[in-house]
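Please consider the sequence and the structure shown below.

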Amino acid sequence: MRHRLIVPAAAAASLLLAIPASAAEPTQGAPGVGDSYYPTAGNGGYHVSHYDLRLKYQPQTDKLEGTATLTATTTQALSRFNLDFALDVSEVTVNGKPTFFAKSGDHELEITPSAPLPEGKQITVVVRYSGTPSQVKIGGYSAWQRTPDGAVVANEPEAAAWWFPSNDHPRDKATYDISIAVPDGLQTVSNGELKSQSSKLGWTRYNWRATKPQASYLTTLAIGKFDITTDKTADGLPVLNAYSKDLGDNLASAKASVERSAEIIEWESKIFGPYPFNAIGGYVPNVKTGYALETQTRPYYSPSGFANGANTSLIVHELAHQWFGDNVSVKNWRDIWVNEGFATYAQWLWSDKEGEGTTQELADYTYDGIPADNAFWKVKPGDPGADNQFHAAVYQRGAVALQALRNNVGDKAFFAILKGWQTDNKFGNGSVQDFVAYAEKASGKQLKSLFDTWLFTDSKPSATVAAKDGIGKAGKSAKSGKALAAPAKAAEPKSWKKIQAAQNGHGHQH
């Protein structure tokens with residue numbers, strides 16, 4: 001019950017002067033963080049530091065039961081705040097006190113504490129819930145996929161709302177404990193390390209722990225029957241890979257690819273800096289999707305990604321995201337280039353290492369091979385729009401932008417920029433503009449024009465403009481000053497089709 005404080009008028013006036021406005025007048029937390037692409041994503045008024053999820057799942061009925069305990073801190077005085085969640089909620093408590101709650105929109109859980117919460121207060125929110133996640137639709141789809149022997153949830157930009165309440169935006173990262181009980185005979189896969197498992201009365205409980213800050217969309221869960229391999233890196237990091245037992249002809253090629261994860265992480269660590277997390281792996285469930293996703297410490301791969309044989313380029317891409325996307329995440333979803341352009345460039349670097357085409361050859365072939373009237377050049381990688389968030393231009397033109405940067409600042413400065421961006425923004429977020437400013441400061445060069453050319457124009461840069469950034473075979477020939485009857489065109493690098501196949505496997509459901 002809320003009690004009213006009665007004081008003399010003069011005392012009341014002095015009290016109001018003494019108390020900050022935010023403490024005197026609690027307000028509702030915003031129902032979104034202000035992302036222009038997804039206005040209802042995330043919430044305002046608090047920051048979550050840890051999620052403790054205790055779950056039980058029955059594959060036969062697709063019933064999920066859960067208790068989520070969120071440890072958070074208010075960032076303003078709150079009269080009410082929201083969580084993003086779509087399943088049925090039976091009870092909510094805040095700091096142990098039963099709390100009024102209501103559902104609104106597709107995934108807003110509105111929570112009204114029994115008393116307003118002051119700014120800077122540590123709070124514990126407990127939500128008890130249940131539901132059939134595959135039947136719950138947001139925007140016409142469910143990120144929760146049923147499989148022949150279980151289920152899996154992995155999607156971008158939204159996945160959490162189907163299985164746990166969260167502040168669902170990459171700006172609010174947290175650590176996770178995920179405990180899931182499933183019928184005996186089934187296994188689970190999630191982020192981080194499997195700390196323990198135990199069986200009782202026909203159920204086996206698995207306890208997973210992710211101890212580094214993690215965005216909600218990067219949090220994953222799979223239930224089913226898996227062939228699991230474990231190992232340790234030379235540095236002692238635990239490696240866990242999992243493959244559904246019914247992958248058929250794709251199993252061998254999936255293993256030939258994913259089992260190289262530790263090797264690829266070691267190579268990428270030399271380029272991007274120390275691996276930021278404390279576990280490594282990947283998993284391939286029996287799903288019909290066509291995409292892969294950089295779920296933190298344990299990327300998700302669709303079986304179709306290995307339908308034509310081993311696909312190490314895809315592994316390189318998803319593991320590069322452990323730095324670009326997971327360690328340093330987007331500030332807003334329009335900043336998707338800071339994820340995808342860099343992960344694609346990692347594939348180009350791998351191609352160079354494998355002798356299948358240099359980064360320069362790949363950049364030239366991208367520029368020369370796509371005509372100016374192709375819609376590819378209409379998409380601006382630096383702000384592609386929600387409908388084009390995963391357009392090929394974000395990946396490929398985005399990688400050309402990095403080659404142009406490398407050509408302008410030189411190899412030493414370029415690779416220092418890649419490492420420094422990771423160090424200076426560790427476990428944080430960054431925008432396209434943040435990266436441009438960082439690259440300018442680190443290199444001592446003015447780079448706005450370069451990035452405007454490759455990231456923010458909706459037309460193909462002319463050969464003359466491209467040549468200034470060292471891009472395009474025709475442009476290179478023109479730079480010599482010699483007239484050419486027919487401008488040279490870049491030859492197709494050996495790795496080109498492999499990289500495109502990996503790109504096709506990185507589209508997303510939403």
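The paragraphs that follow describe the overall fold and then one residue.

This is a predicted model, in which local features need pLDDT of at least 70, side-chain atom pairs count only at pLDDT 80 or more, and totals for chains, interfaces and linings use all residues. Residues are numbered from 1 along each chain as its sequence is written, and side-chain values use heavy atoms, with hydrogens and water left out.

The protein contains 14 helices and 23 strands; helices (H or I, at least four residues) and strands (E, at least two) are DSSP runs, numbered from the N terminus. The radius of gyration is 25 Å, close to the 24 Å that the globule rule gives for 510 residues, so the protein is as compact as a globular protein of that length. This radius is taken over C-alpha atoms, and the rule is 2.2 Å times the number of residues to the power 0.38. Along its principal axes, the C-alpha trace spans about 90 × 65 × 45 Å.

Of the 510 residues, 57% are buried, where buried means under 20% relative accessible area, with a 1.4 Å probe and protein chains only.

Ala68 belongs to strand β3, which covers residues 63–74. Ala68 is buried, and its relative accessible area is 0%. Leaving aside residues up to four places away in sequence, Ala68 touches Asp52, Leu53, Val125, Val126, Val127, Tyr129 and Pro165; contact means heavy atoms within 4.5 Å. Between Ala68 and Val92 there is a C-alpha to C-alpha distance of 9.7 Å, and they are 24 residues apart in sequence.

Methods:
Buried means under 20% relative accessible area, exposed over 50%, partly exposed in between (1.4 Å probe, protein chains only).
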